[in-house]
Amino acid sequence: MRRILSLWLPTFATDRIARGLTPPLAAGTPLVTRLSDRGRLTVAAVNAAARAKRLVPGMGLADARALEPQVQVVDADPEGDVAALERLADWARRYTPWTAVDPSDPPGFGPKGLGGGPGLLMDITGCAHLLGGEHELLLDLERRLAKAGVEGRAAIADSIGAAWAQARFGAQLVVPPGGAVEALADLPLPALRLGPDLVASLRRVGLRRVGELMRMAQGTGGGQVSKNRAALAARYGAQVALRLDQALGWVEEPLSPRRAPTRHTARLTVVDPLSTPEGLAQAVRHLLGRVAASLTAAGEGARSLELEAWRIDAGHDAPPQVLSVGASRPNRDPAHLWRLLEPRMDQLEPGPGFEVMAVSVTHAAPFDGGQAVLDGNGLADLAGAPLAKGGEVAAAGNPLVADPPIAELVDRLGARLGPGRVLRLLPRQSWIPEQAVRAVPAEAQDNSPPAAPPAPAQLAWPADRPRPIRLLPRPEAVEVVAPIPDDPPLLFRWRDQTYRVGRAEGPERLLPEWWEGGERRPNPNPEPRDYYRVEDGEGRRFWLYRLGLYHAGGPPPRWFLHGFFG
Amino acid sequence: MALDRQRLLAMLREQVRAVEAPGTGRGVVPLGVPAVDAHLPAAGPGESGAHGLPRAALHEVMAAGDLDAGAATAFTALLAARLAEQVRGPILWMTRAPDLYAPGLDAQGVGPGRLVVVHAANEVDLLWAMEEALRCPRVGAVVGEAGGLDLTASRRLHLAAEAGGVPGLLLRLNAGKGGAMKGLKGAGRGSGRCSTQATAAVTRWKVGTAPIHADDSAASAFTGPAWRVELLRCRGGRPGAWTLYEREGLRLEAAGQAAMPAPETPAPASAVVPFTATQLPSTARAVG
C-alpha cells in the first residue's frame with residue numbers, strides 16, 4: 001500500500017518573499033503580491049494576515065488598498081516561486097527520495113477564498129518509521145516549515161487524491177490505510193480536485209458531499225459497481241469519475257518525482273547530529289554497506305553514486321550538500337566505494353552537524369562479478385604471458401579498466417586528483433603534432449562501435465616519423481641563421497642561449513589540413529611547417545620548424561622550437 | 001654440525017644480500033647491455049645468476065642538465081618499458097609538466113595501449129598517486145616526475161614498490177640551476193638542489209647526451225640517440241659510466257662494447273655516415 005503525503009502551502013508566494021524582506025515584516029502585517037493582468041494591477045497572492053482582512057487573490061489592487069490601507073505590496077515573481085518550490089522539493093528529500101512539486105491549482109480549485117497555492121507530493125511509503133511514525137513525520141515537517149515562516153498543511157493517505165483532499169479540506173491529517181472512504185465522505189466536492197464549473201453542475205443536481213457521489217458510484221449491490229460508475233461517468237463526465245477513483249485509490253495515479261529516485265538508496269536519520277570526521281565516516285560506511293547489499297541483490301554495480309547530507313541548521317530552501325563519485329566499472333564493494341568517497345569527505349561542511357545522510361546510486365550497471373572472482377588469483381598466470389603487441393590497442397573497449405584492480409586504482413586516483421587528471425593518450429589522425437594526441441579519461445570506454453574495431457594501423461602514430469618526447473605546449477620563437485630556401489639552420493638562439501647545429505635532418509613538411517577551417521572558422525594552421533631535427537655539438541636534439549616559405553620580397557619566414565628528442 | 005653451519009651461512013648470506021641488494025627478491029630485469037648489467041645486482045645468491053635492475057624497487061633517473069630532459073625522459077621510458085616487459089598492466093606516468101608527448105614515449109616502447117598519464121596538481125598529490133599505484137600489483141611500472149623529495153618520501157615509495165612488486169622510477173628533471181626548461185608553465189621544476197639529496201632509490205642514474213664525434217667508430221653508424229649514462233649509485237652493484245647508443249628495436253649498446261663477442265652484430269667499420277632523413281637505420285651501416 002502506498003502512503004502519500006500531500007503538503008499544501010496556501011501562502012507560499014508571500015511567505016517566501018516575506019522571509020527575504022529587510023527589514024523583516026512585522027507580525028500581522030498584511031502582505032500581497034501584485035501582478036499586471038491585462039493592464040490592471042491585481043492581487044496575485046496574499047499572506048495569512050491579508051487573508052484575515054478579507055483580501056483574496058484575483059481582486060484588484062485598488063480594491064485591496066481600499067479594504068486595507070496598511071497592506072504591503074510587492075511584485076509577484078512566479079518564476080522565483082517555482083524555483084523556491086523546487087528547492088523545497090529538494091530539501092524534502094530528507095524524508096523520502098520520492099518528492100514532487102504539486103503546482104498551483106488554477107483559480108477556483110481548492111478551498112474557497114484561499115486560492116490555489118502550490119504544494120509538494122511525497123511518497124513516504126516505508127520512510128515514516130525513520131522518524132518514529134507518520135504523525136511524527138508530519139509534526140516534524142510542519143515544525144520545520146513554521147520555523148522557516150512558511151504556512152503549510154500536510155496530510156497522509158493512501159492516494160494522492162485523498163491526501164490532497166485532507167490537506168486542504170479535512171481535519172484528519174493521517175488517514176489510516178484503507179480509510180479513504182470514511183475520511184472523504186464528509187468533504188465537499190471541490191476536495192476531489194474538481195474545477196468550479198463541474199462543482200457547480202453537480203450542485204445543481206443536489207450533490208454537495210463526496211459521500212453522495214461515492215454512494216452513486218458504488219450503487220447498492222456489489223455487483224453493480226462498474227455499471228454505476230459507467231453511468232456516473234456518462235452523466236457527469238469522465239473527469240468526475242476519474243477523480244473519485246483516484247481519491248479512493250481505485251485507479252493508480254502515478255507520482256512523477258522531481259528527480260528520478262534510484263533503486264539503490266539508503267538513508268540514515270540520526271538523533272545526535274554528526275559532525276566529527278569519525279562519525280561521518282561511520283555513517284557513510286554504514287550507508288555504503290546497505291547500498292552494496294541492495295546492489296548485490298539486484299546483480300548490479302554502481303558506476304556513480306552520490307552522498308547527500310542535510311545539516312541540522314539548514315533552512316527549507318537549502319539544498320543538501322552533495323558529493324558525487326564515479327567508478328570506471330560497476331562496483332559494489334563497500335570498501336572500494338568508501339575509498340572513492342573518503343578523499344572527498346573533507347569537502348563536506350557539517351557545521352553544527354548533519355542529521356540526515358543518504359547514499360544513492362545514480363548510475364547502476366550489470367555487475368560482471370564472475371570476472372572479478374576469477375581474477376582474484378590470476379596474477380601468476382598473467383605474469384607469465386607476455387604482453388600482446390599492437391593488437392591490444394585495437395581491442396574494443398578499454399583494455400585498462402577491464403582489469404578490476406586497475407579500474408579501482410584509476411577510480412581512486414581520479415577521485416582524489418579530480419576529473420580530467422587521469423588520462424590515456426591515444427593517437428588521433430592528424431599530422432599537426434599538437435593535434436595528434438587525443439586525451440581521454442582513463443576510465444572511459446572507447447567509443448568506437450565494437451562491431452567495427454578500427455584497424456591497428458589507424459590507432460598508432462607512424463613509426464617512420466621521429467617525434468620528440470617532450471613537446472613544448474606552445475612552440476617558442478627562435479632566431480636562426482639558415483641558408484635559404486630549404487636548408488636546416490646552422491645556428492639558432494633560444495631563450496638567450498645560442499646553439500650551434502652539428503647535424504640536422506629534414507625537412508619534413510607538414511601541410512595545413514585542408515579540411516580544417518572554412519569561412520566561419522579560420523584554420524589555426526594556415527601555413528605549411530617544415531620540421532627539422534637538429535643536434536647541437538653536445539648531442540642534444542631539438543625539433544625546429546620554419547613556418548611558411550621564402551617569398552621573394554616578402555617577410556622572411558619565422559622559426560620555432562617545438563620539442564626535444566630523447 | 002657442519003651441515004648446520006653451512007645452512008646458517010647460507011641463511012646469513014641471503015639476509016646480507018637482501019640488505020645489500022633490496023628489491024631483487026622479485027627478480028631482476030637485465031638491460032641487455034653486458035657492460036652495464038655487470039654492474040647491476042644479481043638475481044640470486046652468488047655471482048652465477050643474471051644481473052639486472054631489481055623489479056620490485058625504486059629507481060631514480062636524473063637529467064644531467066636542463067636541456068637533457070628529453071634524454072632523461074627517453075631513458076626512463078626505456079627502463080619502464082623494459083621493467084614492465086614481462087607483465088601485463090599499464091605504465092602509469094605521473095607528471096606535473098604539460099610537455100610530455102605520447103608519440104615520443106611510444107617510440108621508446110611505452111605505447112598508447114599501456115600508458116596512463118596522471119596529471120597531479122601538486123607535489124603531494126603526485127607522491128600520493130605514485131605510492132597508491134606502486135601498491136597495486138597489477139601495474140606494470142610507475143614513473144613519477146617528482147621534484148622535491150626527501151629521504152622519507154622516497155623510502156615510502158620504495159617500500160610501496162617492494163610491497164606491490166611494482167617497479168618505480170623517479171624522473172628528476174631539475175638537475176640544473178634553473179635555465180632552459182625552467183620557464184615551462186606548471187612544470188614544477190623549481191629549485192635545482194633537491195636532486196642532490198639522498199633518496200632511498202636502489203639505483204640512481206644520471207643521463208645526458210653524448211656528442212657523436214666523427215671519429216667515434218661505434219657511434220657513427222647509428223642514427224638513434226647517444227646517451228652519456230652514469231650509474232651513480234647502485235645497491236648490491238657498483239657504479240659506472242657508459243656512452244650508450246639506442247639501436248633499432250630499442251636495443252642498447254655501449255660504446256666500445258662492439259668488440260666484445262656480441263651476437264649477430266659484427267664490429268661496425270669506421271665510417272662517417274651522413275645523418276639524413278632518407279637513410280633507413282638498417283642501411284645506414286655503410287662500410288667506408
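A:Ile4 stands opposite A:Asp123, a residue of strand 6 of chain A. Strand 1 (residues 4-8) and strand 6 (residues 119-123) of chain A run antiparallel and are joined by five bridges. Here strands are DSSP runs of E with at least two residues, helices are runs of H or I with at least four, and both are numbered from the N terminus. Two strands count as paired if DSSP finds at least two bridges between them.

This is a predicted model, in which local features need pLDDT of at least 70 and side-chain atom pairs count only at pLDDT 80 or more, while totals for chains, interfaces and linings use all residues. Residues are numbered from 1 along each chain as its sequence is written, and chains are lettered from A and ligands numbered from 1 in the order in which they are written.

The strands belong to an open sheet of four in chain A, with the order 5-6-1-7 and antiparallel pairing. Strand 5 (99-102) and strand 7 (153-157) of chain A are the edge strands, each pairing on one side only. Ignoring direction, neighbouring strands of the sheet are turned by 20° against each other on average.

## Helices on the sheet

Helix 4 (residues 78-91) of chain A packs on the sheet and touches strand 5 and strand 6 of chain A. The direction of helix 4 makes about 155° with that of strand 5 of chain A. Angles run from 0 to 180 degrees between N-to-C directions, and axes are lines fitted to C-alpha atoms, for helices over the stretch in contact.

Helix 6 of chain A lies across strand 1, strand 6 and strand 7 of chain A, at about 35° to strand 1.

## Helix 6 and helix 11

Helix 6 (residues 160-168) and helix 11 (residues 238-247) of chain A pack at an angle of about 90°, with their axes 6 Å apart. That makes the two helices of chain A roughly perpendicular (65 to 115 degrees).

A:Ile160, A:Gly161, A:Ala162 and A:Ala165 of helix 6 meet A:Arg243, A:Gln246 and A:Ala247 of helix 11. Residues are in contact if their C-beta atoms, placed from the backbone, lie within 7 Å.

## Where chain B touches chain A

In the model, 53 residues of chain B are in contact with 50 residues of chain A. Helix 3 (69-83), helix 4 (102-107), strand 5 (115-119) and helix 5 (123-134) of chain B each supply at least two residues of the side that touches chain A.

Strand 12 (residues 422-427) of chain A pairs with strand 5 of chain B in the antiparallel sense over two bridges. The bridge partner of A:Val422 in strand 5 of chain B is B:Val118.

Conventions: Angles under 35 degrees count as roughly parallel, over 145 as roughly antiparallel, 65 to 115 as roughly perpendicular and the rest as oblique. Two residues are in contact if their C-beta atoms, placed from the backbone, lie within 7 Å.
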